[in-house]
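The exercises below each set a task and then work through it step by step. Have the sequence and the structure open while reading.

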Amino acid sequence: MSIVADTVLAYLPAKKKQTPSGWIAFNAVCCHHNGTSQDKRQRGGLISNSDGGVSYHCFNCGYKASWQPGRNLSYKMRKLFTWLGVPDSEISKVSLRVLQENEGVENLNVTVALPSFETVPLPEDSVNLATCDITSKHQVEVIQYMAERNLFFEDYEFYWSPSLAYRDRLIVPFTHRGEIVGWTARKVRDGKPKYLSEQQPGYVFNMDAQTDSKIFGIVCEGPLDAVQIEGMALLGSEIKEQQANLINTLNREIIVVPDRDAAGSKLVDQAIDSEWSVSMPEWHKDINDISDAVNRYGKIYTLYSIVTAAESSPLKIRLRKKQWFGV
Ligand SMILES: [Zn+2]
């Protein structure tokens, strides 16, 4: 716990309930300050993490505020304190304590340069697809999509939400050290946007699955590709510095598998700069990414072909790249 968590928990409204995902739900205190009508459906949520950090999210007006160890008390967090009824004198006291505690910590964070993440809620009313009741035809559609893409409940915890914006989407939570720190919701039929996401800077998808027993860390672009081969995803075709730092903490050979398109070709160059290996396996010409490969060859052969084609020499990677991308 932390002084911030202690204070905010002490001032929560009396009427509240604990949700299975660890959030405390209560009538939001923010909405009428933000020009939205008062919440009467307990759409405000607060979570406190084991490290003492706290996050507040409102599903009614969309207000968010959070605090993590090593940071100072933000303006939005102070406003939340005020709306909860914390006296100004106490807010000043908490703020000062946090400042003092951070004096030593701040330098430490700079040298390591690792990203940190706050906990966020999944879209409203999300349920675990593996354990929930089937209540709608949209849900059936989402499960059918999973089947077509060879995605299985034992590979990852997939979610679904009945709310209008999400009901025809497969929700993939982004976890970090067991806590949900983001998500993406992929549309299961044609239509835009293909993905609705909440993602924090520096996040790497599926780090939690990189157990000590794994000899390699396989890095690809998309989250569903990553799930299929128990790899990690950059959630884009660029390697951000904080992502690289996080991945390097695994201390093992990192193998990047690019998508076979222009962006993937650039990713290969970034992988070389990061001193990582790159794999461009002998797949058929029409196989453009890991999902295609798993569909055609199955998971085991796909993994085998990735690992055996991994190349660490920049010269050899560049030669192979010309062949693979046909440029
Ligand atoms: Zn609100």
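**Exercise 1.** Leaving aside its neighbours within four places in sequence, which residues is Ile306 in contact with?

Solution. The model is predicted; local features need pLDDT of at least 70, side-chain atom pairs count only at pLDDT 80 or more, and totals for chains, interfaces and linings use all residues. Residues are numbered from 1 along each chain as its sequence is written, and side-chain values use heavy atoms, with hydrogens and water left out.

Step 1. Apply the contact criterion, heavy atoms within 4.5 Å. The partners of Ile306 are Ile218, Ile229, Ile255, Val257, Ser279, Pro281, Trp283 and Ile290.

Step 2. Check accessibility: buried means under 20% relative accessible area, exposed over 50%, and partly exposed in between, with a 1.4 Å probe and protein chains only. Ile306 has 0% and is buried.

**Exercise 2.** Which residues of helix 9 are buried, and which are exposed on the other side?

Solution. Step 1. In helix 9 (residues 299-308), Thr302, Ser305 and Ile306 are buried.

Step 1. Seen down the helix axis, these buried residues fall within an arc of 100°, so they line one face. The arc is taken from the directions from the axis to the C-beta atoms.

Step 2. Ile300, Tyr304 and Thr308 are exposed on the other side of helix 9.

Step 3. The cover over the buried residues includes strand 11 (216-220), helix 5 (223-229) and helix 8 (290-297).

**Exercise 3.** How are helix 7 and helix 10 oriented to each other?

Solution. Step 1. The axes of helix 7 (residues 262-273) and helix 10 (residues 314-325) come within 11 Å and cross at roughly 175°.

Step 1. Angles over 145 degrees count as roughly antiparallel, and the two helices are therefore roughly antiparallel.

Step 2. Helix 7 contributes Gly264, Ser265, Val268, Asp269 and Ile272 to the contact, and helix 10 contributes Pro314, Ile317, Arg318, Lys321 and Phe325.

**Exercise 4.** Is Gln42 buried or exposed, and where does it lie?

Solution. Step 1. Gln42 lies in the loop between strand 2 (24-26) and strand 3 (44-48).

Step 1. Its relative accessible area is 16%, so Gln42 is buried.

Step 2. Although not a glycine, Gln42 has a positive phi of about 55°.

How values were computed. Axes fitted to C-alpha atoms, helices over the stretch in contact; angles between N-to-C directions. Helix = DSSP H or I, 4+ residues; strand = E, 2+ residues; numbered from the N terminus. Parallel < 35°, antiparallel > 145°, perpendicular 65-115°, else oblique.
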